[in-house]
Amino acid sequence: MSDDRETDTASESSYQLSRHKKSPSSLTNLSSSSGMTSLSSVSGSVMSVYSGDFGNLEVKGNIQFAIDYVDSLKELHVFVAQCKDLAAADVKKQRSDPYVKTYLLPDKGKMGKKKTLVVKKTLNPVYNEILRYKIEKQILKTQKLNLSVWHRDTFKRNSFLGEVELDLEAWDWDNKQNKQLRWYPLKRKTAPVALEVENRGEMKLALQYVPEPTPGKKLPTTGEVHIWVKECLDLPPLRGNHLNSFVKCTILPDTSRKSRQKTRAVGKTTNPIFNHTMVYDGFRPEDLMEACVELTVWDHYKLTNQFLGGLRIGFGTGKSYGTEVDWMDSTSEEVALWEKMVNSPNTWIEATLPLRMLLIARISK
């Protein structure tokens, strides 16, 4: 596969989230073991975008719903009535196949997800459905309710049409007016936490830090990070079992093409075995605090790549070389793997981590 010919649909169908100025760092001398020249484009600005199907359609319209807590049942009831003036996923025919999905955050697992039926061929769907959550009221008061509207695509590449989020801690449950149906304007996706709610499968991998691969030299030596991508499990079946998946690796903050390595593509399975090791050198001990390993899984189909999910393995501090960056957002499980690797040099540290939606940094030329 030629990188020049491929197109990542995630990048094409996404909107600019923010721009972060990068300060030059010592990671400019990172290089991969595949004989590529040293990396040189850490400095400059990097554009971050939402990958996948967030942001490829205009967000417009309103949703009508009401919430109530039924004490006798210890249940939250979300009455989803209707939407109006939604964006058209089918521009020619001016229609969508919308449905509504709800989550109680921060519970992003399947237990917290509910959704309505799909209403086809309309921009003004009527649902009149009650979505129920069995939950103690005291716990409910620590949650946020996220309602999002989606267009259901035939190939399950669903498109985001807008969302509303309610802070239930500040909600007045005794006010009867708060139990009435109310219209809310749909908003663009803003919170990265809500991007992670889809089940995107898992990756089985191992990491190793080799502090001084060439001992004996008088010059200060730098170490290597070895990344062994073993397999992925239960990838989202965008095209049934016809997935043709591969894994890309980038060491952030460098987003140049030279920083990227990738596995071969494995076809016709949602459980691909890669068994591929990537090596990056140029790591001083202090660089381990500032860098982040970004692993992304893609489905290659014809001339495009569809983003399936990813990991960001680092310390998750939110900063890199003194600059605030949105990609330093590792989950607790990802941080735990990186910490074990740093604290156990010359040892393979294995883990199976859930893939998630990522804010993808656009590859600079």
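Two strands count as paired if DSSP finds at least two bridges between them. Strands (E, at least two residues) and helices (H or I, at least four residues) are DSSP runs, numbered from the N terminus. This is a predicted model, in which local features need pLDDT of at least 70 and side-chain atom pairs count only at pLDDT 80 or more, while totals for chains, interfaces and linings use all residues. Residues are numbered from 1 along each chain as its sequence is written, and side-chain values use heavy atoms, leaving out hydrogens and water.

**Exercise 1. Work out how β5 pairs with its partner strands.**

Step 1. Begin with β5 (residues 62-70) and β12, which pair in the antiparallel sense over 4 bridges. To find one of these bridges, look at Q64: its partner in β12 is W183.

Step 2. Now turn to β6, which runs antiparallel to β5 and is joined to it by 9 bridges. Here V70 stands opposite E75 in β6.

Step 3. Look at the link between them: β5 and β6 form a hairpin with 4 residues between them.

Step 4. Check how covered β5 is. Buried means under 20% relative accessible area, exposed means over 50%, and partly exposed lies in between (1.4 Å probe, protein chains only). By that scale, 7 of the 9 residues of β5 are buried.

**Exercise 2. Track down the backbone exceptions.**

Step 1. Visit K74, in the loop between β5 and β6 (75-84). Its phi is near 55 degrees, a positive value in a residue other than glycine. K74 is partly exposed, at 41% relative accessibility.

Step 2. Go on to K268, in the loop between β18 (266-267) and β19 (273-283). K268 also has a positive phi, of about 60 degrees, and is exposed with a relative accessible area of 73%.

Step 3. Finish with the cis peptide bond that joins L252 and P253, where omega is about 20 degrees. P253 is found in the loop between β16 (244-252) and β17 (261-262).

**Exercise 3. Check the length of helix α4 and sort its two sides.**

Step 1. Compute the expected span as 1.5 Å times one less than the number of residues. For the 12 residues of α4 (residues 332-343) this gives 16 Å, and the end C-alpha atoms are 16 Å apart, which agrees.

Step 2. List the buried residues of α4: E334, V335, L337, W338 and M341. They cover an arc of only 160 degrees around the axis, which puts them on the same side of α4. The arc is that of the directions from the helix axis to the C-beta atoms.

Step 3. Look at the other side of α4, where S332, K340 and N343 are exposed.

Step 4. Name the packing partners, taking contact as heavy atoms within 4.5 Å. The buried residues of α4 pack against several elements, including β13 (202-210), α3 (287-290) and β24 (349-354).
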